[in-house]
Amino acid sequence: MISVNYFLVLSAILFSLGVFGVLTRKNSIVVFMCIELMLNAVNLTFIALSRHLGNMDGQVFVLFVMAVAAAEAAVGLALMITFFRNRESLDIDDANTLKW
Amino acid sequence: MENLVQIAIQNVNIDAILPSLVLCSFGMVLLLMNAFMPRGKSTPAAWFSLVAIIVTGIVSLAAWNKPEFGFFGGVALDNYATFFNIIFLVAAGLTILMSDDYLKREGYPVGEFYTLILFATAGSMVMASGTNLMMIFLGLEILSVSLYVLAGFFRNQTKSNEAGLKYFLLGAFSTGFLLYGIALLYGVTGTFDLARMGEFVSANPEAISNPMAVAGLMLLSTGFLFKIAAAPFHMWTPDTYQGAPTPITAFMSAGPKAAAFAGFIRILILGLGSMKAEWTSLLWIIAVLTMIVGNVIAIYQTDIKRTLAYSSIAHAGYALVGIVAANEIGVSGILFYMLAYTFMNLGAFAVLVLVGKKGEENLTLDGFAGFGYKRPWLAIAMVIFLFSLMGIPPTAGFAGKFYIFAGAVKAGYIWLAVIGVLNSAVSLYYYLRIMVAMYFKAPTEEFEWIKMSAPVVASIVIAVVGVLYMGILPGGVISLAKNALF
Amino acid sequence: MEILFFLFVAFVAVGSGVFVVTCKNPVNSAIALVNTFFCLATCYVMLDAPFMAAIQLIVYAGAIMVLIIFVIMLLNIGTVDVVKSSHAVAGGALMSVLVAVQVLYMLNRGEVANIEGPMTESAILEFGHTELLARSLFTEFLLPFELTAILLLVAIVGAIVLAKRDV
Amino acid sequence: MYDYLWLIPFFPLVGSIINGLFGKKIKNEAVIGGLATAMIGLSFVVSAGCFFSLLNDPVKVHEQILGSWMSVGHLQVEWGFLLDPLSALMIMVVTGVGTLIHLYSIGYMHGEEGFYRFFSYLNLFCFCMLMLVLGNNALVMFIGWEGVGLCSYLLIGYYFHKKSAGDAAKKAFVVNRVGDFGFLVGLGILFWTLGSHGVWTVKFTEIAANAHLLGAGSLVVTIVTLCFFLGATGKSAQIPLYTWLPDAMEGPTPVSALIHAATMVTAGVYMIGRMNILFAMSPTTMLIVAMVGAATAIFAASIGFAQNDIKRVLAYSTVSQLGFMFLAMGVGAFTAGIFHLMTHAFFKACLFLGSGSVIHGMHHGLHHAHSHDDPQDMRNMGGLSKKMKITYWTFLISTIAIAGIPPLAGFFSKDEILWWAFASTRGHWLLWLTATGAAMMTAFYMFRLVSMTFWGECRANPKAKDHIPESPWTITLPLIILAGLAAVGGFVGVPALLGGSNHLATFLDPVFGHAQETFNLSAHGSHAAEYGLMFFSVVVASIGIGIALYMYNKNPELPGKFVAKFPGLHRAVFNKWYVDEIYDALFVNPTKKLGTFLWKGFDVKLVDGVVNGVASTIEACARGMRYTQSGLIASYAMTMVIGVFVIIAYYVFK
């Protein structure tokens, strides 16, 4: 059994990678995928901690996070489709009529 | 295995989730109803959802002073939850009242609109009554997912699309931080249950200085501050509020914000009360920043909806002052203020719904020129709401600010209160512009006939009564709010 | 041995993560993301959570990613994505490195609670991971479980309302 | 009788609601105006009842609690009214003068569009003013305090199609809010400090009873009173927040008379009177109050020299007279301050209404002649004494009163202030000298006004000349009554020296006596000195009158010569000592304003400067901050990440 810290470090790195993607990508689907990456990183933290602490709560939480991710994916992709229909683009920088 | 079933059944206390259960049931029935209704008819759905709100209101009120707990301590339908439930229901009810004509005008008479509002309200209720991070998180997500859809509901309108997309991407992003915070707190305390978390932290004082716990607290706060629209996590607010359908903007600025406060306060006080020093000092700064950002940027706006969006940021700042105070007056002041804000803000938005034309036009200051003489009654109602937003006595806004600032003063945060008062003096500037437009400007063009419909008028009347009642005789509501503290 | 295996998995995970955020083609990003999910599933197995690993594959790699790829194909936006201007990338890189450093520092300084709960290795061997999870899920977390149903319902309704063409 | 106290504000409220909601349907001016007047008249009857009961009542403080408003911890805030000699006197003034002005308005506003609106606002104003005066705690007072500001805003902007009216209204409201901010902060600090001594209260009686807990002369009490004083300067148009008042003359004349002369602007004085014990505890604040008052008195008077708009002269005169009141408060002459408040209400209301009558007549005449001359410009007037006899005589009486000639009302009150300024334990001869100078100037510009308006040849358009009628009885009756009061009103406060017994001082003693005794606030001096000063002030006033008569009546060409001889001085005075410009240069964004400055020449106003300066600073911030809201999701996400990073960096690494 390797130490929980390894997993936490891996999770932290993946989380930061996700943040990097959100900050730098323009395609909203890719941005969303980066957010999924962040959520997965957190899932890893949960499961690692759950194993370490010896209680199931964390893993149950991961189940719910997955459900949430699925729900968000459905709604988010629907939003992107409507956006694409109006603008012929998925570039988040095109979402700029509302400002100031 | 049978043992397990028994354990589960013993802990299933339907009474503890009755309000949200009733609301969800209505929501599902409504969903079916919509499926069999001819397309383009949303009025029956509106009335049905109003019935749902009223029935749920009765069910909620029945729970007053009869706290129910259940589901392994995951749910507490105490007075605190009930008070917030009423706020959510008022917000949802007023929103539904002002929505129907609006939806017809904009060409989206879709019954699912109301279903989503009902589910969003149910999510808010879960947040208010959850005593477990898992519950609160799921409530938050039910609420958020509904709101993502509602914000982008006008799928052919560019603005609405954009509002939905921005809200969604940033909301999901902030969910990432929130979850990381929850994970870290779980790692430190080994539980999601707020009561057990509180016990653990007070039993292990070294946890307070554990960087993981502190970081967890801060990340968790980030997630909630995003929903509350506090600076610097407020950036989505003006855009989304401006682009979303007006009734939804009204709803978002009142109900979900209150829900975020409900969950946040419960987590902070019940679960992390021992880390009070950390979170008060954080929220002090956030509150000041939020008030300043909201009020200052609002000055430069010409779109009234956007102005009100910034003003709602500022109001979140005022309410945060109450959390910083973290005493009886301050927290009950927040409950009071949230209800007051629900009335005044939804009232103001209801007027906007009436004034606006198809495609959300007419919502600049010019749209209000000469309004005071052409539509004196509506204008008087608007003046009352604006006064309440400014915090001028004897309106609910004044009483609410008074309680919150009195709480801050009593807790020794006198400078915070001074900054708050100064900010509300600044806020005058942009509210006054609306009044100036209404009373001191001749109409720029021939004023179009506003179609007044009974439901919208009813929502305005209810809001006026609420604002004045809570302003002139706030004693009743504030004593309820005090009883509602857990 | 185990540690080496972990390092390998971690390396692959991070590597595919880098691909996710840098690939110009969204489809490639998506494939890389699926790869990351596989690695994470492997980690879950290493953490004695085989059921979670299975769910990870079924839900994430199987459902969500397929949905995403489907949308990418539907909208036919194969290679249009352009990366942001270099200073935006630099800013993003700076911030995410700072966040990474911060989190790592925090993990280094912080301590995970030392609680030994009921889910020990022997318990897992005796009852099986799935049963333990089910016990938790259907007793203590029954209500949240039900709530996810509402959540998914909302999501379905919302997605349909948004995506259908006519009123 | 005291049980009916609540009726006093209630009647105008009812009138306001009825007129506001149904006035448009009623249409009949007599009904609308009659109703409004009757309502305030009823208030006056009840006030008089209360006043006379109080006069013969050994118990001088009565409270009526209507119900609980808010409770915060140990603090109970009630909807309650307080009747003591001070508030009794004030309600008499407010309802009495108010009734007369309502009556006057029926004639004056005849035929105006939105007649009902005017009366609704006017009644609403009376309601708010009465709440301000009668409130038994600072929060009820604050409702009135905000309310009068609002009504003043609505009434100044009554002619909303005029842009200047809207601007003036907004300026008045914003400046008032600056003052309100001071009031609230002062109240907050007071509340907190008293609370830390275990007394959670905002009730005036309890504040007075527990004020000693703060410690006389302590820093806290100075800060609190200075904050309150800031509130008072906003509402009562003192330096530095005074210039909204002259602009407020954009409102209809009855409004100027009621709100901007007799009642609302005295709220600051009243408030200091209410909190007299706190102010008495802080000599520093008292000194500042006195200095600001004296400075305002002389400053505004000097500006009054060169104004040609009849209402603007009176406006600056009001500012100046309010300065006298503040001077009185500052040297501990609370009774004298309130006394002057009362007499000033009489003669200044009369003067404003008289000027209204003149404008009414001029307007009529000019309208007849199809002339577009300004009916308010005194250079178009002259010789009106023959055409408007009642107006002329009442105006003259009030002018003599304000000039301080015995035995008219202004003499007694002003003289008492001057004596206290000189001989009080908190007084100083410089204060006295300044005030005396201001008194002389008052006499001068008032007689300048009279001679330009009523005496000499009529300079109006020849066609208009013969069509300047006397006003109808609803206008002249209030003038006669007010002039009568201005003539005899001073006798309630005849000083002992002249054989009087100063009833007013005795009457107000339960309110002010305690503070004056405790802190040894009194004026002592030999009888000879008192006589001497009295005589001197009369002489000084007479000199002022004399100069005015000489310059404007006997030698009408003299002012022109004077101007030719000292052009710089005249221009300086004419342009209000360039204070506005200095403010502009200091506060207003220079680059942006340079063009405006050159364009508008020297006509930019003081408070415009401050308000616009602050506003443009905030607006610049707003503009800058607005651009953070770029509309780009990535930059929003970036902000969030930076926020998270900074927060965690601070808390985890500290």
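Chain C is split by the domain assignment into domain 1 (1-78) and domain 2 (120-167), with bounds that come from an automatic or database assignment. This is a predicted model, where local features need pLDDT of at least 70, side-chain atom pairs count only at pLDDT 80 or more, and totals for chains, interfaces and linings use all residues. Residues are numbered from 1 along each chain as its sequence is written, chains are lettered from A and ligands numbered from 1 in the order in which they are written, and side-chain values use heavy atoms, leaving out hydrogens and water.

**Between the two domains of chain C**

- The C-alpha centres of domain 1 and domain 2 of chain C sit 21 Å apart.
- Five residues from domain 1 of chain C and five from domain 2 of chain C make the contact (heavy atoms within 4.5 Å).
- About 410 Å² is buried between these two domains of chain C, 76% of it from carbon and sulfur atoms; buried area is the accessible area (1.4 Å probe) that two parts lose on being put together, summed over both.
- C:D48, C:F51 and C:M52 supply 85% of what domain 1 of chain C buries against domain 2 of chain C, more than any other three residues.
- Salt bridges between the two domains of chain C come to zero (the rule wants a side-chain nitrogen of Lys or Arg within 4 Å of a carboxyl oxygen of Asp or Glu).

**Chain C against chain A**

- Here 83 residues of chain C are in contact with 65 residues of chain A.
- Together chain C and chain A bury about 6,600 Å², with 78% of it on carbon and sulfur atoms.
- One salt bridge is counted between chain C and chain A, and A:R51 and C:D48 form a salt bridge through their side chains (2.7 Å, N to O).

**B:N132, a loop residue**

- You'll find B:N132 in the loop between α5 (112-129) and α6 (133-151) of chain B; helices here are DSSP runs (H or I, at least four residues), numbered from the N terminus.
- B:N132 is buried, with a relative accessible area of 5% (buried means under 20%, with a 1.4 Å probe and protein chains only).
- Leaving aside neighbours within four places in sequence, B:N132 is in contact with B:G74, B:F192, B:D193, B:L194 and C:F141.
- A polar atom of the B:N132 side chain lies 2.8 Å from the backbone nitrogen of B:M134.
- The C-alpha atoms of B:N132 and B:A76 are 9.6 Å apart, though 56 residues separate them along the chain.

Key
Helix = DSSP H or I, 4+ residues; strand = E, 2+ residues; numbered from the N terminus. Buried < 20%, exposed > 50% of the residue type's maximum accessible area, 1.4 Å probe, protein only. Polar contact = N/O pair within 3.5 Å; in protein donor to acceptor, adjacent residues only side chain to side chain.
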